[in-house]
Amino acid sequence: MSLAGASQDSQGIAAEAAGCADTPILRERGQREVFCGLTGIIWLHRKIQDAFFLVVGSRTCAHLLQSAAGVMIFAEPRFATAIIEERDLAGLADANEELDRVVTRLIQRRPDIRMLFLVGSCPSEVIKLDLSRAAQRLSERFLPSVRVLSYSGSGIETTFTEGEDACLAALVPEMPAEPGTARSLLVVGALAEVVEDQFIRLFAALGVGPVRFLPSRRASELPAVGEGTRFLLAQPFLAGTARALEARGARHIPAAFPLGEEGTTAWLRAAAEVWGVSEERFTQATAPGRERARAALANHRATLDGKSIFFFPDSQLEVPLARFLSRELGMQPIEIGTPYLHRQHLAHELALLPAKAKLVEGQHVDRQLDRCREARPDMTVCGLGLANPLEAEGLTTKWSIELVFSPIQGYDQAGDLAGLFARPLVRREKLMV
Ligand code: SF4
């Protein structure tokens, strides 16, 4: 089931002024068309290499994972679904006992697992299976070799990138305490290793550090956190993780997100300012990357310049993407829909959006489809469920989920990111010849 739970309230539409930017926001609540938080497992299991994700869910959840991950499994997968059977749903079996049995068998079979996530789903929420207590109980049994944590990836009222937020927030209490107040930088949000390595080199050239990443490549090597920790968000969908880090004494460095030449420079600059890096050193460290990014973007500008774009709310990357596409490639956002709009985390982004773009938070899919059909944008960014019907109506679409799976952050990915939007337009032009 890729259609996550629809909310019940279908009439509330309100416009109000955004806090930091004066852009009016249209709030919509209604039928939503998004993947659920289980989807995050697809990229998280590749990132955290000694973790295993056990979804406690239904056959539907298992099918979602298998079909989303199907083309990406090259080795023995590090995720599975413990299927809640009808007996469990009817209360005829003790779901906790069943779960303990499944976990014990799994850990015996897979001695490489160091961290096991029990991932909640709609069915586990419906039968009120307390996975945090189960995780505590199982941790007591399997520590020190395996730590068991839990989070929810349920589709009830959540969108697919929230799975990563919930997973990282579950990791925060496990991070060791940083002794003293020595300053360190924590980059928060799953990044492709190639991107992480580029940022490590850039921060080293700036003299910013030590630099750590959450999630770390190994769950058994979580970074330390404390009063000296300053953190940069690499993704705009990590509100819960940011709150958990702040509760541990870390402080957020407000910044635009590292998409495109401008966003990456602003993101690096925010950290450089905290570390008191001189303008000269900043320019020296960033100039080659900026130059490469500008050159790569120039290849796509002719295709994208002046083209209109319409975002359905899906990945929560919509606002930074619209900023990047409008300012660096000349695209014209008509409507920027996003499931949740965190004003504080997006303040730098909102200030850079074109004044004409309509901002929408939440979703009422029918109304939004009507507006999209009326606007006939050159490009529509949406979930898989909407893309095919819209393509059939002659609209060019881009799957938003591809933007989460692809390495798109940083200078050396700016051209690839632009290419993801240029390709569908070039393809359609060719088909029309
Ligand atoms: S968690 Fe809910 S929305 Fe997601 S696949 Fe399972 S049943 Fe469907």
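Reader: Which residue stands opposite arginine 230 in β10?

Author: Arginine 251 does. A word on the model before we go on: it's a predicted one, where local features need pLDDT of at least 70, side-chain atom pairs count only at pLDDT 80 or more, and totals for chains, interfaces and linings use all residues. Residues are numbered from 1 along each chain as its sequence is written.

Reader: What counts as a strand or a helix here?

Author: Both are DSSP runs numbered from the N terminus: helices are H or I with at least four residues, strands are E with at least two. Two strands pair if DSSP finds at least two bridges between them. Take strand β9 (residues 229–233): two bridges join β9 to β10, and the two run parallel.

Reader: Which sheet do they belong to, and in what order do its strands come?

Author: It's an open sheet of four strands, β8-β7-β9-β10, with parallel pairing. At the edges sit β8 (211–214) and β10 (251–252), each pairing on one side only.

Reader: What is the order of strands in the sheet that holds β5?

Author: That one reads β4-β3-β5-β6, again four strands in an open sheet with parallel pairing. Its edge strands are β4 (79–83) and β6 (147–152). Six bridges join β5 (residues 115–120) to β6, and leucine 118 has serine 150 of β6 as its bridge partner. Helix α4 (residues 95–109) packs on this sheet, touching β3 (51–57), β4 and β5. Contact means that the C-beta atoms of two residues, placed from the backbone, lie within 7 Å.

Reader: How do I read two packed helices?

Author: You describe them by the angle between their axes and the distance between the axes. Axes are lines fitted to C-alpha atoms, for helices over the stretch in contact, and angles run from 0 to 180 degrees between N-to-C directions. Here, α8 (residues 193–206) and α11 (residues 279–304) pack at about 155°, with axes 8 Å apart. That makes α8 roughly antiparallel to α11. The cut-offs are: under 35 degrees is roughly parallel, over 145 roughly antiparallel, 65 to 115 roughly perpendicular, and the rest oblique.

Reader: Which residues of α8 and α11 meet?

Author: Leu202, Ala205 and Leu206 in α8 meet Arg281, Phe282, Ala285 and Gly289 in α11. By class, that's five nonpolar, one polar and one charged. Ala, Val, Leu, Ile, Met, Phe, Trp, Tyr, Cys and Pro count as nonpolar, Asp, Glu, Lys and Arg as charged, and the others, Gly among them, as polar.
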